[in-house]
Amino acid sequence: VDVILGHTDITIKEFLTFAEGGIIGLNKLAGAGGDIFVNERVIGTGDIIVMEEKLAIRVQDAMNAEKVVNFFFDEKVV
């Protein structure tokens with residue numbers, strides 16, 4: 001499972017100029033939620049939260065279970 005918060009394009013040179021506490025702007029608005037991927041397919045969105053001092057995701061919206069299972073059968077993952 002991967003959760004993608006957003007993306008941006010920066011050069012290696014720009015990245016190397018960041019110090020601790022630096023901020024990289026992403027293409028999504030704050031609070032928009034991250035995309036939840038399983039096997040490189042988006043299956044929903046969720047909010048990033050802290051739970052017992054670890055990062056977690058609270059599912060906001062998810063694809064129905066039948067559709068998710070069909071994806072995996074189509075790819076012969078199951």
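This passage walks through the strands of the structure and then turns to a nonpolar patch on its surface. The model is predicted, so local features need pLDDT of at least 70 and side-chain atom pairs count only at pLDDT 80 or more, while totals for chains, interfaces and linings use all residues. Residues are numbered from 1 along each chain as its sequence is written, and side-chain values use heavy atoms, with hydrogens and water left out.

Helices (H or I, at least four residues) and strands (E, at least two) are DSSP runs, numbered from the N terminus, and two strands pair if DSSP finds at least two bridges between them. Strand S1 (residues 2-4) is antiparallel to S2, with three bridges between them; here isoleucine 4 faces aspartate 35 of S2. Strand S2 (residues 34-38) in turn pairs with S3 through five bridges, again in the antiparallel sense, and phenylalanine 37 sits opposite valine 42 in S3. Two residues separate S2 from S3 in their hairpin, and asparagine 39 in the turn has a positive phi of about 50°.

Residues are called buried under 20% relative accessible area, exposed over 50% and partly exposed in between (1.4 Å probe, protein chains only). Leucine 55 counts as exposed because its relative accessibility is 69%; valine 59 is likewise exposed, at 52%. The C-alpha atoms of valine 59 and threonine 45 are 6.1 Å apart, although 14 residues separate the two in sequence.

Leucine 55 also belongs to a nonpolar surface patch, whose other members include Leu5, Phe18 and Val50, with about 1100 Å² of accessible area together for the whole patch. Two or more residues come from each of helix H1 (12-16) and strand S3 (41-51), and H1 gives the largest share, three residues. Patches consist of residues with over 30% relative accessible area and no salt bridge, joining like charges within 9 Å and nonpolar side chains (Val, Leu, Ile, Met, Phe, Trp, Tyr) within 5 Å. A salt bridge places a side-chain nitrogen of Lys or Arg within 4 Å of a carboxyl oxygen of Asp or Glu. Accessible areas come from the Shrake-Rupley method with a 1.4 Å probe, and for residues only the protein chains shown count as cover.
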